[in-house]
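Q: Could you take a close look at how the strands pair in this protein, and at what ties in with them?

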Amino acid sequence: MFNVSKLSTGWLSTMSQLQQLLRHSSILILVVLLLRQSNADVGTAGHYDPPYTPTACFGYDPLQFPSSFLFAAAGEGIWDNGAACGRQYWVRCISADRPKTCNPAQLVQVRIVDRALSAVSRSSSDRATIVLSKTAFEAIANPSASSVNVEFVQV
């Protein structure tokens, strides 16, 4: 005799596996498409410590700093004659001179509040593309590093 219940249970199990495979494939395709369309740039990031004011963008205004303290000073490559003021960037550490310096799983969103060349505090790295606040730098890399290579994209 032909057992219908075993056939339907096997068929349902196969359908469930197929649905799971399609779901995972869809997610993988979406991730690949998003990465392919990324317009991220690569540069270097340094860090700087307080005092942060006055800034080239907003002077002494305390409201210029996000409550998260995730902000940055623009290096000459992104300063754009002051047009960078207020811009926001996603920044991720991708490499450094020493192994295990980066925390590549971390991504921070920073707001440009200053120009690196004229910042009150000196950058840990001359000619950095972006100089992160101490808090922002510590989120993506070991704070003992003076400079790291980053991937960044304007929000």
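A: Happy to! Strand β2 (residues 71-74) runs parallel to strand β4 (residues 108-115), and four bridges join them. Strands here are DSSP runs of E of at least two residues, helices are runs of H or I of at least four, and both are numbered from the N terminus; two strands pair if DSSP finds at least two bridges between them. This is a predicted model, in which local features need pLDDT of at least 70 and side-chain atom pairs count only at pLDDT 80 or more, while totals for chains, interfaces and linings use all residues. Residues are numbered from 1 along each chain as its sequence is written, and side-chain values use heavy atoms, with hydrogens and water left out.

Strand β4 also pairs with β3 (residues 88-95), here in the antiparallel sense, again over four bridges.

A disulfide (a pair of cysteine sulfur atoms within 2.5 Å) joins Cys57 to Cys85, with 2.0 Å from S to S. Cys57 sits in the loop between β1 (41-48) and β2, and Cys85 in the loop between α2 (76-79) and β3, so the pair links distant parts of the chain, 28 residues apart. The torsion about their S-S bond is about -80°, which means the disulfide is left-handed. The structure holds two disulfides.

As for confidence, pLDDT (the predictor's confidence in each residue, from 0 to 100) averages 86 over the protein, and 75% of the residues score at least 70.
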